[in-house]
Amino acid sequence: MPVISAKDLNLWYGDFKALKNISLDVGEREITALIGPSGCGKSTFLKTLNRMNDLVPGVRIEGDVRLKGQDIFARDMELTDLRRRVGMVFQKANPFPMSIYDNITYGPKLHGVRNKAELDELVESSLRGAALWDEVKDRLKKSALGLSGGQQQRLCIARALAVNPKLIFCDESVSALDVSVQAQILNLFQSLKEQFHLTYVFIGHDLAVVRYISDRVMVMYLGKVMEIAPYSELTGDNIHPYTRALLSAVPEPSITLHKERILLEGDIPSAVDPPAGCRFCQRCFMAKPICFEQEPDMKTVGPDHCVRCHFAKEG
């Protein structure tokens with residue numbers, strides 16, 4: 001059973017349809033990366049999976065989302081329980097304006113933990129899990145706002161760990177950090193996956209980061225899924241043209257390897273008024289007349305690999 005599963009998910013902000021028939025299964029202890037241009041729906045999709053979009057006026061959602069088989073939109077789904085089971089780490093670290101200790105204990109207290117010894121143990125284990133304990137153990141009662149950017153982000157990770165989630169959403173959680181700190185946080189995500197059997201859904205713009213951390217990738221464009229595949233399968237010609245263009249920009253670690261950069265022409269169309277055919281047709285270097293007239297279906301081109309392109313060869 002997938003840890004979280006979305007099927008035919010659609011979302012509207014008023015009359016604007018931001019997500020179109022999104023389907024995704026995320027397996028246990030898997031890191032799935034969402035990539036695509038700004039405004040393509042990545043963050044909207046992620047915030048729908050933990051019902052943060054419930055707070056946005058005029059939002060309407062259709063489709064099915066299940067967390068370990070349980071309908072997250074069901075009337076008996078308690079939001080506090082959903083937020084306990086699904087942690088969230090944002091692009092910009094957001095420690096609460098309170099002490100380091102109180103940041104960690106905020107969630108457990110909300111869920112009924114009151115015993116001081118138990119809270120103390122949670123604080124230490126969570127901060128150790130986030131590789132922060134040795135740096136802050138002597139100032140737990142000091143404000144969390146006095147920490148550095150990297151420390152604040154690790155504190156937010158520790159805060160999420162304190163309620164024992166099984167799934168963590170990361171919305172560009174390292175993009176605002178220095179490169180050396182990015183590596184520290186990414187390695188932390190990997191070790192926590194093994195230590196706590198965590199599953200991640202990770203939004204990223206840096207394809208080098210995505211290559212380093214992800215098991216599987218979902219490529220989005222103007223509110224639709226263009227491709228879903230294990231990262232290792234994103235090679236050769238039988239991948240989406242947009243994916244090929246993105247991958248061509250990823251630096252290779254070896255100076256002996258060379259690949260030609262694919263430069264896309266034109267601007268991204270408005271998501272409010274997308275093209276009539278394929279959503280990528282106006283910028284695609286492979287586009288033919290059918291691409292401007294007819295929207296392609298998803299094709300299965302390999303194991304766990306689907307592509308939305310007229311010219312993809314089904315496996």
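Guide: Angles under 35 degrees count as roughly parallel, those over 145 as roughly antiparallel, those from 65 to 115 as roughly perpendicular, and the rest as oblique. The model is predicted, with local features needing pLDDT of at least 70 and side-chain atom pairs counting only at pLDDT 80 or more, while totals for chains, interfaces and linings use all residues. Residues are numbered from 1 along each chain as its sequence is written, and side-chain values use heavy atoms, leaving out hydrogens and water.

Helix 6 (residues 149–161) and helix 7 (residues 179–196) pack at an angle of about 15°, and their axes are 10 Å apart; helices (H or I, at least four residues) and strands (E, at least two) are DSSP runs numbered from the N terminus. Axes here are lines fitted to C-alpha atoms, for helices over the stretch in contact, and angles run from 0 to 180 degrees between N-to-C directions. Helix 6 and helix 7 are therefore roughly parallel to each other. Their crossing is right-handed, meaning that the near helix is turned clockwise from the far one by less than a right angle.

On the side of helix 6, Gly150, Arg154, Ile157 and Leu161 make the contact (heavy atoms within 4.5 Å), and the residues they meet in helix 7 are Val181, Gln184, Ile185, Leu188, Phe189, Leu192 and Phe196. By class, this contact has eight nonpolar, two polar and one charged residues, where Ala, Val, Leu, Ile, Met, Phe, Trp, Tyr, Cys and Pro count as nonpolar, Asp, Glu, Lys and Arg as charged, and the others, Gly among them, as polar.

Turning to the sheet, helix 7 lies across strand 3, strand 7 and strand 8, and runs at about 155° to strand 8. These strands belong to an open sheet of eight strands, in the order 6-7-8-3-9-10-12-11, with mixed pairing; two strands pair if DSSP finds at least two bridges between them. The edges are strand 6 (86–89) and strand 11 (298–302), each of which pairs on one side only. Strand 3 (residues 31–35) and strand 8 (residues 199–203) run parallel and are joined by four bridges, and Thr32 has Val201 in strand 8 as its bridge partner.

Helix 1 (residues 42–49) also lies across strand 3, strand 7 and strand 8, as well as strand 6 and strand 9, and runs at about 155° to strand 7.
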